[in-house]
Amino acid sequence: MPKLGCSTKALVILLLLVALLVLSFIGGAIGKNFFGETPISRVIGPEKPEVHLPADIVFTVPVFGFALPVTNTILATWLSMLVIIVVALIATRRMALAPGGLQNSFEWGLEKLLGFVEGVAGHENGRRFFPVLATIFLFVMVNAWLALFPGFGSIEIHGPEGKGVHLLRSAGTDINTPLALAIVSFVFVEYWGISSIGLRRYLGKFFNFKQLLKGKVMGLVDVFVGLLELLSEFIRMVSFTFRLFGNMTAGEILLMVVMFLVPWGIALPFYGLELLVGFVQALIFAGLTLVFGTMAVAVHEEGH
Amino acid sequence: MEKLGINIPVLLAQLVNFTILLILLYLFAYKPLLRTLDNRSARIKESMDMAQKIKEQAARTEVEVKAQLDAARQEGQAMIAQASQVGERVKEEAKQGARQEAQAVMVRAKAEMDREREKVVDELRKEFADIAILAAGKVIKESLDKKVHERLIQEVLEQSSLKKK
């Protein structure tokens, strides 16, 4: 059939894909349920995934008598730092030339981010906030995206306690990483607030006794609102931490479960979803820090 | 906390990691990037300013040229007016001079003529006197002596010159 040459090829590919999916169904956990243990499931069927939240220690580094643990999430962090820095170095090596290729896209992305930051915080504050926000953004996003590379979570080595541990694990799924980022965000927000409007005025936002000292009973509301705001400064950290941790962990578990149920093919759309989640979470983390920073540097209006 | 996996050394490690990343990116990415962006926007602003300036300059030059043209035209007009005035004066002077010259020539000619006539009259008179004497001598040869004779003639001449005047 010479006439149908092109569509024959497509047909063959389609048939192969369908066969792959059928095999995958039979071999996965769903197929196992229907057909029991089959030769296919013995070959391609994955192990039952086990979820444990604490990161595994890959090795320890003795420093001053302490055994500093290096977890697989720290290794993943180093990897993403390396990737970010190498890309940044390549992209900015010849900054003076007319932009092209990698530099152009890197520059474009950061420029868009800078535009966003300056749009919210204004030109001057935007410039101050930008390095921290961009680093948070890149850090969260690259950490999330690197974990989607094939083979990232499948390298297993012998850990110090004799059992097998994964060499790399997405850094966001270790609660210490989101917590560290939340602390960084908190510290910088407070720093920006204090350095822009002064310690006295900044603290005056939270300890607002002015109206009460003038003898107004309604000043009690001000005091209450101020203390509530103080509390919310700390609650932000918790919400930052668990938002990122929850999203990253949920993404990881989702992929694991899908792979367990149907090992081949079906997980692909979920990878796309996780790409989006990684970007969105990075944007949210950086964006919320930006908003909190902007709120912190704003001078509270007097007497309203 | 243990279940979640919060672990102070790992937390510290991640804080340090982030800080290192922040510093490195600040030095190698954000600073050059921001500088490039600023340079670019500065250059754009500069060229726009330059264009504005050139436009203003052109407008100013146009006005200037116009003013200069106006001034030149006025000057030219003034010069023409002055020149025609000068010409008028020169003409007047020349006329005046010519008239004076003519007058002088006329006066001189008249004087010359007068002198000439005087001379002629004198000569005529002399001749006339001689003739008269001759005639009179012929007429009254003996009755009169030379002295009386001359007085008579003088008288006649006096009369004649009086008459002439």
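Biologist: Of the 304 residues of chain A, what share counts as buried?

Modeller: Buried means under 20% relative accessible area, exposed over 50%, and partly exposed in between, with a 1.4 Å probe and protein chains only. In chain A, 39% of the 304 residues are buried. This is a predicted model, where local features need pLDDT of at least 70, side-chain atom pairs count only at pLDDT 80 or more, and totals for chains, interfaces and linings use all residues. Residues are numbered from 1 along each chain as its sequence is written, chains are lettered from A and ligands numbered from 1 in the order in which they are written, and side-chain values use heavy atoms, leaving out hydrogens and water.

Biologist: How many helices and strands does chain A have?

Modeller: Helices (H or I, at least four residues) and strands (E, at least two) are DSSP runs, numbered from the N terminus. Chain A has eleven helices and four strands.

Biologist: Which residues touch the most other members of the largest nonpolar core?

Modeller: Such a core is a set of buried Ala, Val, Leu, Ile, Met, Phe, Trp, Tyr and Cys residues joined through side-chain atoms within 4.5 Å. Here the largest one has 68 residues, and those touching the most other members are A:Leu110, A:Phe129, A:Phe130, A:Ile136, A:Leu181, B:Leu25 and B:Tyr30. Elements giving two or more residues to this core include α5 (101-121) and α6 (123-146) of chain A, as well as α1 (8-139) of chain B. The largest share, 14 residues, comes from α6(A).

Biologist: What does A:Leu110 touch?

Modeller: Contact means heavy atoms within 4.5 Å. Leaving aside residues up to four places away in sequence, A:Leu110 touches A:Phe130 and A:Ala134, along with B:Tyr30 and B:Leu33.

Biologist: How many aromatic pairs does the structure hold over all chains?

Modeller: Rings of Phe, Tyr and Trp (its six-membered ring) pair if their centres lie within 6.5 Å; planes under 30 degrees apart are stacked, over 60 edge-to-face, and the rest tilted. There are ten such pairs over all chains. Take A:Phe137 and A:Phe279: their centres are 5.9 Å apart and their planes at 85°, so the pair is edge-to-face. A:Phe137 sits in helix α6 of chain A and A:Phe279 in helix α11 of chain A, 142 residues apart. A:Phe137 is buried at 10% relative accessible area, whereas A:Phe279, at 33%, is partly exposed.

Biologist: Why does the pair of A:Phe139 and B:Phe18 join two chains?

Modeller: A:Phe139 lies in helix α6 of chain A and B:Phe18 in helix α1 of chain B, so their pair links the two chains. A:Phe139 is buried, with a relative accessible area of 2%, and B:Phe18 is buried with 2%. Elsewhere, ring pairs connect A:Phe129, A:Phe188 and A:Trp192 into a cluster.
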